[in-house]
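I opened my notebook to go through this one and jot down what I looked up.

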Amino acid sequence: TAAIIQNWLNFRKPADGVGNLFVSLKTGKPLTGDGLNCFFKRLSKILGFRISAHDLRSSFATLSTMYGAPTRTLQLAGRWKSEKMVEHYTGNLQISAVRPYLPLANLLKA
C-alpha cells in the first residue's frame with residue numbers, strides 16, 4: 001500500500017496550497033463526491049458493469065468479515081451506528097465463507 005501511495009504522490013499534481021491525498025488530475029483541486037462518482041461511472045463503462053464508491057463499503061465489510069474481523073471492530077471502522085448495519089453490508093456473504101469455521105474442518109486439522 002505504501003508503495004502504491006508513494007507512486008500516486010509522485011504522479012499527482014496538486015494545485016498550490018492543496019495538501020489532499022486525492023486530487024483531480026485535471027485541476028489539482030481536492031477530489032469531490034461528484035468527481036468520485038464521475039470516476040466510477042467511467043470505470044463502470046470500461047469494466048462493462050456498474051460499480052460505485054458505495055459498493056466498496058460492502059466489499060470492505062464482507063472481506064473483513066471473511067478474514068475474521070470482529071463485528072464491533074467493523075462497526076467502528078465502517079462508522080456504522082449499529083451492528084445491524086454491519087449485517088446489512090455483509091448480506092452478500094456466501095455459504096462457502098463459513099467452511100473454515102465448521103467443526104469438522106477444524107477437527108481434521110487437529
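How many nonpolar, polar and charged residues are in the lining of the largest pocket? I counted by class and got 10 nonpolar, four polar and three charged residues. I kept in mind that this is a predicted model.

Next I looked up the volume, and the largest pocket holds about 530 Å³ of space. Its lining has 17 residues, and V23, S24, L31, F39 and R42 are the closest to the centre. I then asked which element gives the most to that lining: helix α2, residues 33-47, with six residues.

So I checked the helix itself. With 15 residues at 1.5 Å a residue, α2 should span 21 Å, and this agrees with its end C-alpha atoms, which are 21 Å apart.

I found a nonpolar patch of about 570 Å², made by I5, L9, L21, F22, L31, L36 and F39. Both α1 (2-11) and α2 give two or more residues to this patch. I also placed F22, which sits in the loop between α1 and α2.

Key:
Residues numbered from 1 in each chain as written. Predicted model: local features only at pLDDT ≥ 70, side-chain atom pairs only at ≥ 80, totals over all residues. Heavy atoms only, no water. 1 Å grid on protein atoms, 1.4 Å probe; cavity = no way out; pocket = protein on both sides within 12 Å on 5 of 7 lines; lining within 4 Å. Points joined across faces, edges and corners; volume = space filled by probe spheres on them. Helix = DSSP H or I, 4+ residues; strand = E, 2+ residues; numbered from the N terminus. Nonpolar A, V, L, I, M, F, W, Y, C, P; charged D, E, K, R; others polar. Expected span 1.5 Å × (residues − 1). Patch = residues over 30% accessible without salt bridge, like charges linked within 9 Å, V, L, I, M, F, W, Y side chains within 5 Å. Areas by Shrake-Rupley, 256 points an atom, 1.4 Å probe, with all protein chains shown as cover. Salt bridge = Lys/Arg side-chain N within 4 Å of Asp/Glu carboxyl O.
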